[in-house]
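Q: I am new to this structure. Could we go through it step by step?
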Amino acid sequence: MEHAAEVIVVGAGMAGLKAARDLADLGCGVIVLEADGRIGGRLKRTQVAGAVADVGGQWVGAAHHALLAEAARLGVATYPQFDEGKVMLQLTGKMVRSRADVPAIPPLALIELAWLQRLWRRDMKTVPAEAPWTAPKAAEWDAMTLETWIMRRLRTASARAFARLVARGTWAVEAGQVSYLWFLDALRGNGGLEHLMGIKGGMLQDKFVGGMHQIAARLAEELGGAVVLNAPVRRIAQDADGVTVISDKGEFTGRFAIIAAPPGPTQRIQFEPHLPAARDGLQQRMPMGAIIKIAVAYAEPFWRADGLSGQGATADDLLGIVMDDARDGGPAVLLAFIEGARALEMSAAGKAARREAVIAALARMFGPRAGEPIGYEDNDWTLESWTHGYVGSMGPGVMTRFGPALREPVGRIHWAGTETSTEWAGCIEGALLSGIRAAGEVSRHRNS
């Protein structure tokens, strides 16, 4: 069966839904094709001990204005991330209680961490938002991995471990996988290290009452029957008159298409005519970060009585980042993340083995009471059929050679998705901004 609309949007994550909603507001007919049987993309909900838990994107930062505005329009309120007490930190084998602003590490490492922040702040300021591949040192920085930079510039084991934790904890990649230029651009686009890792005034300041996923659900409700699930796109053909999109739910025709999916998974789609070499090469070279997000429920937030915030970070244990997600009237939940190489290992181990290993790791962090949960759920993003992971990243040489193709339209095909955003890439905010941009491009194109 053939269906027609002016714009065919591929992907019902936040980028695709926002692009479709903006175009619909302009009177443009849209159809959104989603490969999965659910909406949300990298937003996903589950239940643990009877409570709703986000096992995808969850936090909203103080400067995430598009997301906050969308939530307010849809009637979704926020509440602050709990941030009282000390954090648990393990960088080089020893678990310690630490202040969040001054890590409990040797003095020389503290000095080096301060120097590290200055270096990153200085370098990222030279990276242009719209064209990072034109930075004065782009060729030099894109030729090395972040790990190479760490080994050349840092001397203390704690500072090196912290720098690796930033990449693993934020983008679910190992420092040896990404180029230093890509890392600097990602750091710049997310407000720098202080904002990236901050609670009050930072990226982790607030969460949504009822969960982040409901924002996507309400956007989809507004679009009604325009959202088609279980419709993986197999082929997109375009000519001077429009596009033809072939999916498992039939053939869809339109004047334009917006692909709101990560570059890597987009390789599954056959394009006619073939994509330009730069765009095709980019899609072959942006793997997804590996991450497993975990929600562990307890009868009460025992860590708070111990003077702890429920926050933890380890550079050399199973869990990279841990956060408090206890709410009034429900179970006390700790959110935990397994990232990078460890996520690949624990994906292969299976859920039962993960549960045992995660609870043991939480007990090492918070004491024996963490070994007595009343509920456990996790989501292995490496096994998500249509995303394959967390956020796409670039290894050495990719940004300078293929970066200009990231947002460049190909005829009647436009690109969205958080990876394409010049600000807040990797965040839901970046996804929304990319949807707004793609809708604007199509609007200008259709009126030209």
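A: Let us begin with a term: helices (H or I, at least four residues) and strands (E, at least two) are DSSP runs, numbered from the N terminus. This is a predicted model, in which local features need pLDDT of at least 70, side-chain atom pairs count only at pLDDT 80 or more, and totals for chains, interfaces and linings use all residues. Residues are numbered from 1 along each chain as its sequence is written, and side-chain values use heavy atoms, with hydrogens and water left out.

Q: Where is V96 placed?
A: V96 lies in strand β8, which covers residues 96–98.

Q: Is V96 buried or exposed?
A: V96 is buried, because its relative accessible area is 18%. Buried means under 20% relative accessible area, exposed over 50%, and partly exposed in between (1.4 Å probe, protein chains only).

Q: Which residues does V96 touch?
A: Not counting residues up to four places away in sequence, V96 touches V87, M88, L89 and A104. Contact here means heavy atoms within 4.5 Å.

Q: And what separates V96 from W424?
A: Their C-alpha atoms are separated by 31 Å, and V96 and W424 are 328 residues apart along the chain.

Q: Changing topic, which helix holds S347?
A: S347 is found in helix α12, residues 340–349. With a relative accessible area of 16%, S347 is buried. Leaving aside neighbours within four places in sequence, S347 is in contact with I292, R354, D380, T382 and L383.

Q: Now helix α5: which residues are buried there?
A: In α5 (residues 146–153), the residues L146, W149 and I150 are buried. They cover an arc of only 100 degrees around the axis, so they are on the same side of α5. The arc is that of the directions from the helix axis to the C-beta atoms.

Q: What covers the buried residues of α5?
A: The cover includes α3 (107–124), α6 (157–171) and α7 (180–189).

Q: Stepping back, how many helices and strands does the chain have?
A: The secondary structure comes to 15 helices and 21 strands. Buried residues make up 61% of the 448 residues in the chain.

Q: Why does the radius of gyration agree with a compact globule?
A: A compact globule of 448 residues would have a radius near 22 Å, and the chain has 22 Å, so the two agree. The radius is taken over C-alpha atoms, and the globule rule is 2.2 Å times the number of residues to the power 0.38.

Q: What does the C-alpha trace span?
A: Along its principal axes, the trace spans about 65 × 50 × 40 Å.
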